Amino acid sequence: MPETEIVEQATNAALSVGVLVVAGFLALGVHLLAVRGIFRLGRSDRFAQEATARAKWPARTTSVLLGLLGGMLFTELPEGVTEGLTHTLLVLAIIGGTVTLMRLAVAVEVSILSGLDMDAEDNSWARGRTTRAILLRRISSALIIMVGVGSVLLTFETARTVGTSLLASAGILGLVVGVAAQSTLANIVAGIQIAVAEPIRIDDVVVVEGQWGNIEQLSLTYVVVRTWDRRRVVLPTSYFVSTPFENWSMYGQQIIGDVVWQLDHRVPMNAMRQEFHRMVDAHDLWDGDVAVLQVIEVTGPTVKVRGLVSAHNSHNAWDLRCALREGILVWLAEHHPYALPTTRLLEAAEDPSARRPTSPPPPPMRSPGPDDVPNPDPARTGEWPVVDR
């Protein structure tokens with residue numbers, strides 16, 4: 001190889017490296033100026049803070065890689081080197097962009113959740129926003145990963161060839177995949193429906209499969225319900241769009257609870273009603289809305305008395321019901337013990353009209369005498385025959 005050609009190639013390589021360095025710095029500078037201009041007015045905004053903290057380095061790396069890709073157009077490197085370097089930079093730029101978008105999605109979710117008060121007395125709106133933010137972030141992350149992986153694969157010639165062949169048989173492939181992943185696809189679609197329609201939200205009080213608890217976790221494929229005794233019931237997402245269930249906090253957390261007593265018929269209802277209202281008024285868990293005491297059923301030995309009370313949420317309603325049930329029982333035992341259930345044994349009185357006439361009493365029993373024995377010889381005068389010996 002002539003010396004002049006070697007010098008020329010070295011000069012082209014040096015110039016190409018210089019062009020790439022300049023292109024990288026220019027891309028980084030444009031990125032910094034753009035970010036500063038976008039977030040200048042929102043430096044105190046939570047999203048700007050989260051995006052800067054989470055996506056700063058992935059975004060800068062992606063910008064530099066894109067600058068290098070643009071600079072490759074002005075380089076004079078050998079064809080093989082140019083092709084290999086361009087492909088490498090393209091793959092890295094796609095990966096960097098995917099990571100950046102995923103970090104931005106997380107920043108959006110965190111910024112939304114940070115402005116919500118989940119501890120408020122009425123947090124229905126906050127729970128709805130939380131549910132939408134979590135599900136939409138997971139959906140967007142899944143889509144970003146799918147697009148990123150597909151874009152990387154399409155940069156390879158082999159993958160493009162395979163992709164063309166798959167598209168030619170898309171009908172058969174779609175049928176096979178649809179049958180094999182029917183339940184998974186159904187759960188994903190159900191997760192999207194839940195994010196849009198919101199039949200359930202984070203921390204909703206639900207009754208599913210006979211289990212009472214709160215919605216603890218929502219994903220695209222399953223839902224975790226935390227029961228009152230801290231167990232976890234895991235259900236597929238499609239369950240909540242195809243099976244009836246109870247949601248006690250869908251439009252508000254206020255709920256009415258009932259307390260039932262089985263008491264004696266002699267229970268003093270007026271005094272019990274006054275004591276019931278006194279206990280309800282003095283309890284901190286009552287929300288001041290509903291307080292009613294009624295006799296709802298009369299059975300053979302007892303009467304059924306029901307008290308209705310309202311509370312801000314189901315947890316308070318449960319504690320209030322337990323307190324009233326115990327308090328009324330203690331009050332009855334101390335002041336009206338006869339009102340507690342009693343078992344009675346009563347003897348029925350005789351009906352005078354059903355009496356029958358009585359017969360005279362029989363004569364007294366005595367031993368038979370001689371006059372009571374019939375005469376064996378009617379010809380005689382009643383004397384006993386004498387037998388000669």
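**Exercise 1. Work out the order of the strands in the open sheet, then name its edges.**

Step 1. Five strands form an open sheet, and the order is S4-S3-S2-S1-S5. The pairing is antiparallel. Strands here are DSSP runs (E, at least two residues), helices are DSSP runs too (H or I, at least four), and both are numbered from the N terminus. Two strands pair if DSSP finds at least two bridges between them.

Step 2. Strand S4 (232–236) and strand S5 (246–247) are the edge strands. Each pairs on one side only.

Before going on, note the source. This is a predicted model: local features need pLDDT of at least 70, side-chain atom pairs count only at pLDDT 80 or more, and totals for chains, interfaces and linings use all residues. Residues are numbered from 1 along each chain as its sequence is written, and side-chain values use heavy atoms, with hydrogens and water left out.

**Exercise 2. Follow strand S3 to its partners S2 and S4.**

Step 1. Take S2 (residues 211–218) and S3 (residues 222–227). They run antiparallel and are joined by 5 bridges. Ile215 has Val225 in S3 as its bridge partner.

Step 2. Now take S3 and S4. They also pair in the antiparallel sense, over 5 bridges. Val224 has Val234 in S4 as its bridge partner.

Step 3. Look at the turn. S3 and S4 form a hairpin with 4 residues between them. Arg230 in this turn has a positive phi of about 70°.

Step 4. Sort the residues of S4 by face. Val233 and Leu235 are on the covered face. Arg232, Val234 and Pro236 are on the uncovered one.

**Exercise 3. Find the salt bridge between Glu216 and Arg232, and classify both residues as buried, partly exposed or exposed.**

Step 1. Side chains of opposite charge can pair when their charged atoms come close. A salt bridge is a side-chain nitrogen of Lys or Arg within 4 Å of a carboxyl oxygen of Asp or Glu.

Step 2. Check the distance. The side chains of Glu216 and Arg232 meet at 2.8 Å, N to O. The pair links distant parts of the chain: Glu216 is in strand S2, Arg232 is in strand S4, and they are 16 residues apart.

Step 3. Apply the cut-offs. Buried means under 20% relative accessible area, exposed means over 50%, and partly exposed is in between (1.4 Å probe, protein chains only). Glu216 is partly exposed because its relative accessibility is 31%. Arg232 has 44%, so Arg232 is partly exposed too.

Step 4. Widen the view. Glu216, Arg226 and Arg232 are linked in a network of salt bridges.

**Exercise 4. Describe two other salt bridges, Asp204 with Arg201 and Glu275 with Arg278.**

Step 1. Asp204 and Arg201 meet at 3.5 Å, N to O. Asp204 has 0% relative accessibility, so Asp204 is buried. Arg201 is buried as well, because its relative accessible area is 6%.

Step 2. In Glu275 and Arg278, the closest N and O atoms are 2.6 Å apart. Both residues lie in helix H9 (residues 269–282), 3 residues apart, about one turn of the helix. Glu275 is buried at 12%. Arg278 is partly exposed at 47%.

Step 3. A search of the entire structure finds 10 salt bridges.

**Exercise 5. Give the helix of Ala23 and the residues it contacts.**

Step 1. Ala23 is found in helix H1 (residues 3–39). Ala23 is buried, at 14% relative accessibility.

Step 2. Beyond four places in sequence, Ala23 is in contact with Gly67 and Gly71. The C-alpha atoms of Ala23 and Gly70 are separated by 7.3 Å, although these residues are 47 apart along the chain.

Technical notes:
Contact = heavy atoms within 4.5 Å.
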